[in-house]
Amino acid sequence: MSYLAVDQAQACILEHLSSCAVESVALNESLGRVVAEDIYANRNHPPYDVSAMDGYAVRFEDLVQISEAGPAELEIIDDIRAGQIPSLRVLQGRSARIMTGAPVPAGADTVIRVEDTELDENIVSILVAQKCGTNIRPLGENLRDGEVVLEAGITVTPGVLAILAMVKQKQVPVFARPTVAILSTGDELEGLDEAIDENKIPDANSYALMAQCQALGIKPVLLGIARDNPIEIRAKLTEGLKYDVLLASGGVSVGHHDFMRPMLEELGVQVHFWRVAMRPGHPLAFGTTATGTAVFGLPGNPVSSMVCFEQFAAPALKQMMGFQKCFRRTITARLTHDMKDREGRTHFVRVSLSRDDLGYLATSTGTQGSGVLMSMALAEGLMIVPAAATSLKAGETVVVQLLQDMDFQEQAALENVDG
Ligand SMILES: Nc1nc2c(c(=O)[nH]1)N[C@H]1C(S)=C(S)[C@@H](COP(=O)(O)OP(=O)(O)OC[C@H]3O[C@@H](n4cnc5c(N)ncnc54)[C@H](O)[C@@H]3O)O[C@H]1N2
Ligand code: MOO
């Protein structure tokens, strides 16, 4: 099998996967999920024309002479609160005191806010007249009975959740989250609970992948470490193939003890590709089973495994959860230093980001070896250097994929705007 381009590998993965089944979750558990069915309004809201202000409901024609003859003086015949149905009609020369959200009484067509009036016992003087219809929120402005208010595919944000509450959606149909199993392979690995052995390598991949899944809202199951022998790997992989997605790291290269690919094939996994033209992370394998399990054979080097997760597994998991935007957001930035590069593979360079007046600045977080986790830990983004590039100059515009775009920013928005 030859090396696939990154975008071709991504397309291949997404083509082979579909979204998870629909499940029903309680409204208070729905934040961040993707709504799986159209949601309809079950009432008009507001259910009738309501006042947008605390003030007086009036007939606009009673106010037209205000400028020539001084304020219009109107008798107050009613006091209407939100949730109350008015019983009196506002006739000529009369008005009704009205609260924000209360129904506009028959006969009235305009609301004057309290600030534009003066009160003398039962008579209100209207000092300012605007337009007919002012300060009235019309029936159905928010929701129209029977109309689709949320289309399938929308992500539940706090605003969306508020609409779900308005239409009394106590249970929300959402796409299920896939079940995910994580497996590390290699004789040299030392589990988190094992005593320190200087000749061994602590298993970082299981936990990095766990955290990457958790960041997407998925709680994965850790299958632990499979040693480099066919019996143990077969047993663990068989267990892992019971999940919707299996993330197995290590053993995908060409080493003498790299059993992963042949073993997956033996267990009925159809391997769609192996090796992608990228750095780090080229020995990635991807396959599916007849029952729909997706298997990612991720490279053992910790940074390679993490970068491959971001480029391939994360979009796959997002798509399975029904998200329409499956890829991490990218921005443009200016590189702060020269950088040499080797031609032939897309390079994902770990960078930190800062800003100046002209925009974002990207700076390498340090040694870019695929086992150097520190530069990954410090990275705010991955600079995507195209396969054809051989060198980059300081000041050059580059594309950076944001790794932490749910982050809050240091400054308040107004500070940024007002400078
Ligand atoms: N002859 C070749 N050798 C290698 C190639 C190649 O193309 N030709 N590619 C190299 C690249 S690039 C990578 S990446 C690795 C990937 O190989 P494997 O997926 O088979 O990974 P391992 O050999 O099992 O391990 C590589 C490295 O990563 C460490 N590791 C593995 N698992 C974990 C873990 N769970 N936590 C922490 N560290 C882990 C492992 O100890 C090794 O040091 O192959 C290169 N070789
Ligand atoms: O591709 Mo390997 O993943 O560079 O270290």
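Q: Ala, Val, Leu, Ile, Met, Phe, Trp, Tyr, Cys and Pro count as nonpolar, Asp, Glu, Lys and Arg as charged, and the others, Gly among them, as polar. How do the residues of the shell around ligand 1 divide by these classes?
A: The shell around ligand 1 divides into 9 nonpolar, 9 polar and 3 charged residues. A residue belongs to such a shell if one of its heavy atoms lies within 4 Å of the ligand. This is a predicted model, in which local features need pLDDT of at least 70 and side-chain atom pairs count only at pLDDT 80 or more, while totals for chains, interfaces and linings use all residues. Residues are numbered from 1 along each chain as its sequence is written, chains are lettered from A and ligands numbered from 1 in the order in which they are written, and side-chain values use heavy atoms, with hydrogens and water left out.

Q: Which residues come nearest to ligand 1?
A: Of the 21 residues around ligand 1, the nearest are Glu188, Asp203, Ala204, Ser253 and Gly300.

Q: Which backbone atoms lie by its nitrogen and oxygen atoms?
A: Taking N or O pairs within 3.5 Å as polar contacts, a backbone N or O atom of Ala204 lies 3.0 Å from a nitrogen atom of ligand 1. For an oxygen atom of ligand 1, a backbone N or O atom of Gly251 is at 3.0 Å, and one of Asn301 is at 3.2 Å. Ligand 1 taken alone exposes 860 Å², and the protein buries 70% of that (Shrake-Rupley method, 1.4 Å probe).

Q: How far are the polar side-chain atoms of Ser370 from an oxygen atom of ligand 2?
A: One lies 2.3 Å away. In the side chain of Asn301, an N or O atom is 3.0 Å from an oxygen atom of ligand 2.

Q: Changing topic: how many aromatic pairs are there?
A: The count comes to 2, with Phe, Tyr and Trp (its six-membered ring) pairing if the ring centres lie within 6.5 Å; planes under 30 degrees apart count as stacked, over 60 as edge-to-face and the rest as tilted. Phe286 and Phe296 form a tilted pair, 5.1 Å centre to centre with 50° between the planes. Phe286 lies in strand 20 (residues 285–288) and Phe296 in strand 21 (residues 294–298), so the pair ties together parts that are 10 residues apart in sequence. Strands here are DSSP runs (E, at least two residues), numbered from the N terminus.

Q: Buried or exposed, those two Phe residues?
A: Both Phe286 and Phe296 are buried, meaning under 20% relative accessible area (1.4 Å probe, protein chains only).

Definitions and conventions. A polar contact is a pair of N or O atoms within 3.5 Å; within protein, one must be able to donate a hydrogen and the other to accept it, and residues adjacent in sequence count only if both atoms are side-chain atoms. Helices (H or I, at least four residues) and strands (E, at least two) are DSSP runs, numbered from the N terminus. Buried means under 20% relative accessible area, exposed over 50%, partly exposed in between (1.4 Å probe, protein chains only).
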